[in-house]
Structure formats: C-alpha cells, structure tokens
Amino acid sequence: MNSDYWWDEESPAESATAAERRDHWRDYLQRRQGSVGLAFSAREAGSDFGWKTLAQAAGDLQIVRFSSGSVHYRRTARDAQSDGDDGYRVLVPVRGEFKLGQGDQAELVGPGKVAFIRWDLPLVMRQDEPLESLIMTVPRRLVNGDLADNAPLALDARRPLLPMLVNQINQLHANHRMWNAHDFRVAYRSTLSLLDGLLDRTEALPEQRHAFVAARARETMEGLADDLRLTPDAVAQMCGVSRRTLYTALTKTDGVTPAALLRDIRLERACERLSYPGAIEIGRIAEAAGYSSVRRFSSAFQRRFELTPQQMRERLLG
C-alpha cells in the first residue's frame, strides 16, 4: 500500500459461481488482512455465498466494513509467521455475531461488544450466520504492546471509553469519501489513543492520570497548532477525555487552561516566524496564529512577551 489515502468497494461479479465467490473472498482476505484458512458448511458450500466490502486506508492504517454469508476462519501459527504481521485487529460487529477463540480465551461477540485480536497468534472465528462488521487494523508501534498483548478478547463494555471508541471507528468509516491522508491519519491516531486507554485496565491515581492527559494534550496542540480548526474541544476528543477533564488536567498539572495553552503555543510559533530573515507580512503571521486582525494579534503578543511584534523582530534580528 502507498501512503496516500484511498477507499474502494469490492464484491463478486453477479455471474460468479458459488465456488468462485468463495475463492474471491479467500483472495480478498489474503490481500487485505493476511493468510486465513476458510471452511464452509455443506449448506453454504452449495449456496450462492455472497460478500461485499468497503475498505479505506492510508499506508498500514486500514478499516474495512464487510458483510458475508456464514464461514469459519482459522489462522494458524504458520499463517502468522509467514505474514510477519505482529499487529492487532479490532472487530466491531454491526449485525450478526461470531464465536472467537485465541489462546485460552473464547468469546461470543455481537453488536454491543468489541473484539480485540492479536494477529501474530493462531485464532479461530466461527460465523454460523450472515455477519456485517467493521475491522480496524492496529499497528503494534501505535499502541502499548505490553498492554495489548495481555488484553482480553472482548474489551470491557462497562467502561465509557468503549462507546467512544466505537463511535470514532464508525465516524472514520462514515466519512470515507471526505478524508485526505493527513486528516485520516490524525483521526485514526486519535481513535488509537482511546484504544490505548481501554487496554490499560489499571486505575491510575488522579494526579498520574492528569499528568498523562496534560502531556498528551500538549503534544497534540504542538503537533497540530497550525491547523486553525483545532479547538480545546477537538483536543479533548483526540485525548479521549471530556472537555472538563482536559481543563482539570491542564490547570492542575501546568496551571493553564486549554484555550490559554493553545493560544500560547500559537503565539510562540508567531514569534519564531518573526525571526525569519527577509520581508514578512505581520498580517499573515497574525492569521496563522488564529487572529482576525493585526491589532488583536499585537495586543495578545505584547501581553505574552512584553514586546510588540515589531520590537521582538528587531531584537531577534539585531
């Protein structure tokens, strides 16, 4: 896969035979997920087995919504070894249910539950009826591997983070026509931040949790400050917390509100831009910092640095 965002839909040709439809499904899984063995019941083997998919991806970040007739899946140790994929998969059933087994765990998963699978270990999945589900690829490098390797097959439905995770996965899919590569990656990583929180089953002390949220918020703001669509509400969503929790975390840890921190980061970027040699336009610097007028920008800048933008530029270039 390349690094650009793309999406496509696939389904077997109407003229395909039942055997061809099964073979095409096996080929599709090989391309999109990796090696998986398929078995069909006698009833399904003789029927007009059907399936369809909508896949979206940027690099190795991928979500596929699929529906299919009944089928049993088995991924062996040899399959996992040959693929070399040490990541994970999140399955969110939309309609129907399946039986999932991996290691010494087994779960019956249907709507309202979310399955979490290690892709580097053998697994079995038995789907006796038609199923529609979302499957999200989770690269190992983007989550806490120690927590993920010890996660349960079904994530804890009692935690409020779970419906938030499901909602974000659904939003990623629902907007498949609108994404570009940058926005898709930002939203995808935000979703994986929620997943990381779900995988952590320890109860952190409030001050520890506040420090973690504050650090994540600052990192998010510094990485996306140039995007003027970024707001404290958006930062809270990307960190997987409420706006109130974000406010508490930053005020207790850093002594600053989310809005003030975002403003300060943007003003610091403006200060950096003032140091550029050659001609500059204060108006453009003000706009990049989120100010609709040079006057408002200059006032905010002077309150922050105790110098006007022009005075700061003279000092930086002097």
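These legends describe a predicted model of one chain in a few views. Residues are numbered from 1 along the chain as its sequence is written, and side-chain values use heavy atoms, with hydrogens and water left out. In this predicted model, local features need pLDDT of at least 70 and side-chain atom pairs count only at pLDDT 80 or more, while totals for chains, interfaces and linings use all residues.

**View 1. The chain has 13 helices and eleven strands.** Helices (H or I, at least four residues) and strands (E, at least two) are DSSP runs, numbered from the N terminus. The C-alpha atoms fill a box of roughly 80 × 45 × 30 Å along the principal axes. Of the 318 residues, 45% are buried, meaning under 20% relative accessible area with a 1.4 Å probe, protein chains only.

**View 2. R269 sits in helix α10.** This helix covers residues 258-274. Leaving aside residues up to four places away in sequence, R269 touches E222, A225 and D226. A contact means heavy atoms within 4.5 Å. F40 lies 59 Å from R269, C-alpha to C-alpha. In sequence, 229 residues separate the pair.

**View 3. The second largest pocket holds about 480 Å³ of space.** A pocket is an open set of points on a 1 Å grid over the protein atoms alone, where a 1.4 Å probe fits, with protein on both sides within 12 Å along at least five of seven lines; lining residues have an atom within 4 Å of a point. The volume is the space filled by probe spheres set on the points. Of the 19 lining residues, W179, V186, A187, Q237 and M238 are closest to the pocket centre. Helix α6 gives the largest share of the lining, six residues.

Key:
Buried < 20%, exposed > 50% of the residue type's maximum accessible area, 1.4 Å probe, protein only.
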